[in-house]
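Hi everyone, thanks for coming. Please take a look at the picture before I start talking.

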Amino acid sequence: MEEALLLSRLQFAAATMFHFLFVPVTLGLSLLVAIYETKYVRTGDETWLRMTKFWGKIFLILFAVGVVTGITLEFQFGTNWSRYSAYVGDIFGSLLAIEATAAFFLESTFIGVWVFGWKKLSKKAHMMVMWLVFLGSNLSAIWIILANGFMQNPVGYVMRNGRAELADFGAVLTNSFAWQQFFHTIAGAYMLSAMFVMGISAYHLLRKQHIDFFTRSFKMALPLGLIAALFLAGQGHIHGNEVAHKQPAKLAAMESHWETSKPAAMHLLVIPDEENERNLVEAIRIPSLLSLLAFNDPSAEVKGLLDYPKEDRPPVAITFYSFRIMVGLGGLFILLMGAAWLYRNRLTEKPWLLRSLIWAIPLPFIAIQAGWVVAEVGRQPWIVYGMMRTADAHSPAVVPGQIWFSMIVMCALYAVLGLAGFGLTAHYARKGPENHKS
């Protein structure tokens with residue numbers, strides 16, 4: 001049973017993390033493509049049309065891989081996590097059903113209209129279709145994060161016959177924890193997309209190729225990335241306050257905070273020693289800082305991990321280091337965006353900045369994955385916080401051999417899809433825009 005549980009967790013994590021490489025970049029790219037097309041419709045400038053088609057083609061490749069890699073996730077709820085599905089399916093399933101029918105279908109349908117409608121729709125109608133694609137993709141994110149938000153902070157339910165049943169849909173829709181997650185995730189996705197566009201643009205600007213085209217692409221993505229990076233810093237603090245109140249064990253793991261203290265200091269250099277329930281290294285102590293950051297009160301009490309039974313603690317080292325990777329990269333992104341904004345009118349004169357942005361293309365992907373690890377691993381051992389343990393959610397009939405087989409097949413298919421998706425994206429990104437008018 002333990003082996004089957006571990007394998008199922010690994011399989012779900014692998015599928016989710018791979019799927020999440022593609023989805024965030026499409027959320028922001030759909031917005032940028034809609035802006036580029038709007039500029040074309042308003043000005044009639046063919047360069048904006050070429051930008052719409054160039055970035056739209058990359059968006060379509062990433063969207064297609066994202067859709068295909070997300071399909072296995074919903075199957076796994078039925079095959080590997082049947083007890084979870086039976087326990088909260090009334091709520092979780094409703095939210096996913098709304099996402100599929102009200103958001104994903106809207107997005108997918110209008111993507112088809114956008115692809116095949118260039119010569120059949122007016123310019124304005126075609127532009128509006130792209131805005132509907134953007135709306136659909138972001139609506140889809142809302143419903144999925146509301147479903148995850150219920151797992152993080154269950155609200156609006158009653159227990160009946162051993163199952164959680166929906167009692168207050170309004171409470172589920174207004175779940176503050178879920179909305180904090182949504183704003184954090186969507187801002188991270190916009191920043192990732194902006195840095196993706198800026199990095200590819202920097203590649204061509206460094207080689208003095210399509211200067212006007214990629215300078216415009218860069219300058220349209222830059223404000224989105226800068227605003228998103230600054231927003232993430234501020235909203236991340238507010239989201240941290242929510243975590244401190246709703247999931248204090250996760251907060252303690254994020255900071256490797258072992259002993260309850262009032263006020264609680266923060267050490268800037270910490271190496272957790274999870275096995276011995278302490279920190280191997282603690283240096284550069286700042287009094288009251290953890291209390292202030294967690295509760296906006298320098299004298300507030302912060303509960304330590306030792307006050308939780310071992311079986312109720314999240315994995316400390318994974319949560320701790322993932323949190324620092326996310327926050328550290330977030331600070332780096334603000335510096336990069338600030339430098340890009342400062343030199344936005346002299347980009348080709350700053351090759352060091354252009355090289356930095358090219359090398360930085362993978363970093364937002366790493367940051368957003370680290371954030372996902374903090375959210376999901378930090379919630380353990382609960383699959384639904386405070387209600388159902390992950391160990392109790394697993395399907396009793398599934399055996400390790402079946403999971404090994406499905407996981408190997410899934411990983412092999414995902415590897416092929418990933419190579420195809422990233423390979424095509426890299427090919428078109430290096431090739432640059434078409435020169436002819438359409």
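This is a predicted model: local features need pLDDT of at least 70, side-chain atom pairs count only at pLDDT 80 or more; totals for chains, interfaces and linings use all residues.

Residues are numbered from 1 along each chain as its sequence is written, and side-chain values use heavy atoms, with hydrogens and water left out.

Let's begin with helix α13, residues 400-431 (helices are DSSP runs of H or I, at least four residues, numbered from the N terminus). From its first C-alpha to its last, α13 reaches 45 Å, close to the 46 Å expected at 1.5 Å a residue (that is, 1.5 Å times one less than its number of residues).

Which helices do the buried residues of α13 pack against? They pack against α1, α2 (46-79) and α6 (176-206), where contact means heavy atoms within 4.5 Å. Buried means under 20% relative accessible area, with a 1.4 Å probe and protein chains only; Met407 and Tyr414 are among the buried residues of α13.

Now α1, residues 2-43: it packs on α13 at an angle of about 15°, with the axes 10 Å apart (axes are lines fitted to C-alpha atoms over the stretch in contact, and angles run from 0 to 180 degrees between N-to-C directions). So α1 is roughly parallel to α13, a label for angles under 35 degrees.

Tyr84 counts as buried because its relative accessibility is 1%. Its contacts include Phe77, Phe92 and Met388.

Definitions and conventions. Helices (H or I, at least four residues) and strands (E, at least two) are DSSP runs, numbered from the N terminus. Angles under 35 degrees count as roughly parallel, over 145 as roughly antiparallel, 65 to 115 as roughly perpendicular and the rest as oblique. Buried means under 20% relative accessible area, exposed over 50%, partly exposed in between (1.4 Å probe, protein chains only). Lists of a residue's contacts leave out its neighbours within four places in sequence.
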